[in-house]
Amino acid sequence: MLPGPGGVVRSLGHTLRDGELARAVGTSLYRLFVGYAMSACAGITLGVALARMSWLRAAVGPLVVGLQALPSICWLPLALLWFGLSEKAILFVVVMGSMLSITIATEGAVRAVPTLYIRAARTMGSRRLRLYTRVILPAALPGIVTGLKLGWTFAWRSLMAGELLYVAGGLGQLLTLGRELGDMARVMSVMVVIVILGLGFERLLFGSVEKRVRERWGYAQAEAS
Amino acid sequence: MIEVRRVGKRFQSTTRGVTAALREMSLTVDDGEFVCLVGPSGCGKTTLLNLIAGLERPDEGEVLVHGKRVRAPGPDRGVMFQDAALFPWLSVAENVAFGMKELRLPRKERQARAKKYLDLVKMSGFARAWVHELSGGMRQRVALARALALEPDILLMDEPFGALDPKSRDALQAELVDIWEKTHKTIVFVTHDMAEAVRLGSRVIVLRARPARVARDVDVAAELPQPRHVDQQEVVELAAQLKRDLDETGEHEAVDGDGDGQRDERAAAASGGGGAGSFADRLGLHL
């Protein structure tokens, strides 16, 4: 049933040698980074807007919460209808799968910023935009980072689900190929790569940020976020 | 000079409807005075401070600083709150420098002032520490340095030592008076602790609640020079006398006359108030 580690490693070697793995990884990562970047920008912006504008919260808030509960892969049919079989469709799935969790975490973090900080900053002359960039966003950072981490996980998962169903390059396609060929070793080797990439980037992207949050806010706050 | 002219301020509360925190309140603070606003909770002292700070706008009347109407908070009026409100993502030195960056002071100037004011509050060794590493007293010292670093003429302080242990409170009170004597700033200090007010202020204004108004305006400096101490006989006497005055007029609220950090029980009138030659008498206060 299960191939031994030897078989998995050998299969890994094959895919590496003929460049297939490298291409797949490149495609997947490109989609991931682009999608995630859009997700993070839109997600944080919307989160801040929702936190600071109560009319927006009333109008759009429930929609955000509802849509966030939708498993990301459910966006694929819509994406394919709107964008056809294109990269845009996959990116759409990645963005919709991850953006709202970032939004919700950001909104919570910004709303939790103590009003006292804002008052103190105003007495020192901070106003408008500088209030946001120098006080509100930094104060909300631990919560926003939590949201970004979650968003990253969702983005990765949305991407893999999309690539599995919508066969067009990337690691998901390698998985499907392996299944179609009945090649268990290949399937498992690709799974290993997916896990390593997922964890590795998470550590890379968020490791140092979390360390700095812990250092500055202390353990209590870091744990709370 | 700070002028409060016939100011009114109302608040809406879900439980009590509209309440007037202040009504026809007038007050003048001259440059260089150390004024303590004391009174029970609800007497409007914090509201008054917020109006001078520009954190709130009056519904009636006006607040003027150096002849100009107060419209918004600004670095010309430094504020300290009961919570130090230091920013946890910045180091101590960066916190002190925060306002200076807003003023776009050059780096060398920022560093020089940060060092100067951290030295003044005796926190020089902690420039690179993080806020969560500091005790309450230490945080308030940094908050003071942060306010002073902008070199405002006026310092507005809202019960800044209220959350501290007695020892820290005592030390910071002494240092504040020291700083005041060195810098000749105008200080408006809000507290519910009568002894603290008498110890600190060159002038003590006792406010009464419902309706909020000035009950007493005492020139303490005239009779009792600094340095004073909360345990000093004259200070205790005067604080007790002022507190009695408030109690006599029916105030049951939280006023702390004996400096133990707790609301006082309605005690029997002590004998000190009526005797000839007592300190309170010399200031013209009688039962």
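Student: Before we start, what are the ground rules here?
Tutor: It's a predicted model, where local features need pLDDT of at least 70 and side-chain atom pairs count only at pLDDT 80 or more, while totals for chains, interfaces and linings use all residues. Residues are numbered from 1 along each chain as its sequence is written, and chains are lettered from A and ligands numbered from 1 in the order in which they are written.

Student: How many helices and strands does chain A have?
Tutor: Take helices (H or I, at least four residues) and strands (E, at least two) as DSSP runs, numbered from the N terminus. Reading along the sequence of chain A gives α-α-α-α-α-α-α-α-α-α. The count is 10 helices and 0 strands.

Student: What share of the residues of chain A is buried?
Tutor: Buried means 20 or more other C-beta atoms within 10 Å of a residue's own, exposed means 12 or fewer, and partly exposed is in between, with C-beta atoms placed from the backbone. The C-alpha trace of chain A spans about 65 × 40 × 25 Å along its principal axes. Of its 225 residues, the buried share is 42%.

Student: Where is the kink in α3(A)?
Tutor: The bend at a residue is the angle between axes fitted to the seven residues ending there and the seven starting there. In α3(A) there's a kink of about 50°, shortly before the proline A:Pro62. The kink lies at A:Val60.

Student: Which element of chain A gives the most to the side that touches chain B?
Tutor: Call two residues in contact if their C-beta atoms, placed from the backbone, lie within 7 Å; then 17 residues of chain A are in contact with 20 residues of chain B. The elements giving two or more residues to that side of chain A are α6 (115–123), α7 (128–165) and α9 (184–217). The top contributor, with 6 residues, is α6(A).
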